[in-house]
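Here are a few friendly notes to read alongside the model. Please have the coordinates open as you go through them.

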Amino acid sequence: MIRLLLVDDQQLICQGLKAMLSLESDLEVIGIAHNGKAALEQVEALQPDVVLMDLKMPVMDGREATRLICQSFSNTSVLVLTTFDDDLYIVDAMRAGAKGYLLKDMPSEELAQAIRLVQSGYTQLAPGLMDKLITGFCAAPTPQPSVLPALAQLTPREQEVLQLIGTGLTNRDIAQQLFISEGTVKTHVTHLLNRLNLRNRSQLAIYANSAIIKPESLAHPSGT
């Protein structure tokens with residue numbers, strides 16, 4: 001059973017989400033909060049598996065609540081659910097540690113599946129948002145000077161692991177595909193986070209899917 005906390009300042013939204021998600025046999029709504037401060041208190045008290053987080057709220061917004069939850073509660077994943085599809089909101093939420101970014105108009109069955117995937121370790125973005133982010137990276141005037149040196153310092157195997165993270169694979173999936181142990185994959189992920197100065201797997205996925213990291217730009221693997 002995946003235990004959920006719903007965070008939204010609109011009571012009707014929370015009620016609707018609770019009614020909809022309660023129809024899924026493997027999902028359980030264990031709490032509701034109407035601002036980020038209340039969300040933090042609920043996470044500490046209830047220890048949910050996944051938090052569905054709105055962004056624009058009083059007292060404390062969803063971005064700051066996401067940052068604090070991801071910083072203090074490693075067993076809880078935050079999945080942003082909002083109406084805003086602006087690039088800055090998306091990047092801000094993922095930098096704060098969110099494991100996904102979805103829009104409120106998505107079908108209920110897709111939302112339920114996204115929750116399951118986030119709980120399994122995958123990063124989830126609403127359809128079209130990854131293309132939007134990549135387009136933004138392409139249009140940015142000078143991202144290369146700050147990014148290419150970091151990419152160049154990666155080993156061939158780290159580059160390959162990074163590319164697979166960008167496709168949404170878990171550590172186990174990557175290990176099976178590269179014929180290495182899951183422990184070795186975890187070591188590579190730790191090295192990637194340190195060398196690229198990133199905080200979490202979601203940020204690695206965004207980095208890997210940026211226009212700068214194309215398969216043809218990666219070195220051919222020569223071992224672990």
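1. The largest cavity is lined by L6, V7, D8, I13, L17, L52, M53, D54, L81 and K104. Elements giving two or more residues to this lining are β1 (2-7), α1 (11-21) and β3 (50-53). By class, the lining has 7 nonpolar, no polar and 3 charged residues. The volume of the largest cavity is about 40 Å³, and the structure holds 1 cavity of 30 Å³ or more.

2. A word on the source: this is a predicted model, where local features need pLDDT of at least 70, side-chain atom pairs count only at pLDDT 80 or more, and totals for chains, interfaces and linings use all residues. Residues are numbered from 1 along each chain as its sequence is written, and side-chain values use heavy atoms, with hydrogens and water left out.

3. Do look at T82, placed in strand β4 (residues 77-82). T82 is buried, at a relative accessible area of 0% (buried is under 20%, exposed over 50%, partly exposed in between, with a 1.4 Å probe and protein chains only). Its side chain reaches the backbone nitrogen of F84 at 3.3 Å. Beyond neighbours within four places in sequence, T82 is in contact (heavy atoms within 4.5 Å) with D54, L55, Y101, L102, L103 and K104.

4. How many aromatic pairs does a search of the whole structure find? The search gives 1 aromatic pair. The ring centres of F84 and Y89 are 4.9 Å apart with planes at 25°, so the pair is stacked (centres within 6.5 Å make a pair; planes under 30 degrees apart count as stacked, over 60 as edge-to-face and the rest as tilted). F84 is partly exposed, with a relative accessible area of 28%; for Y89, also partly exposed, the value is 28%.

Note on methods:
Rings of Phe, Tyr and Trp (its six-membered ring) pair if their centres lie within 6.5 Å; planes under 30 degrees apart count as stacked, over 60 as edge-to-face and the rest as tilted. On a 1 Å grid over the protein atoms alone, a cavity is a set of points where a 1.4 Å probe fits but cannot get out, and a pocket is an open set with protein on both sides within 12 Å along at least five of seven lines; lining residues have an atom within 4 Å of a point. Grid points are joined across faces, edges and corners, and a volume is the space filled by probe spheres set on the points. Helices (H or I, at least four residues) and strands (E, at least two) are DSSP runs, numbered from the N terminus. Ala, Val, Leu, Ile, Met, Phe, Trp, Tyr, Cys and Pro count as nonpolar, Asp, Glu, Lys and Arg as charged, and the others, Gly among them, as polar. A polar contact is a pair of N or O atoms within 3.5 Å; within protein, one must be able to donate a hydrogen and the other to accept it, and residues adjacent in sequence count only if both atoms are side-chain atoms.
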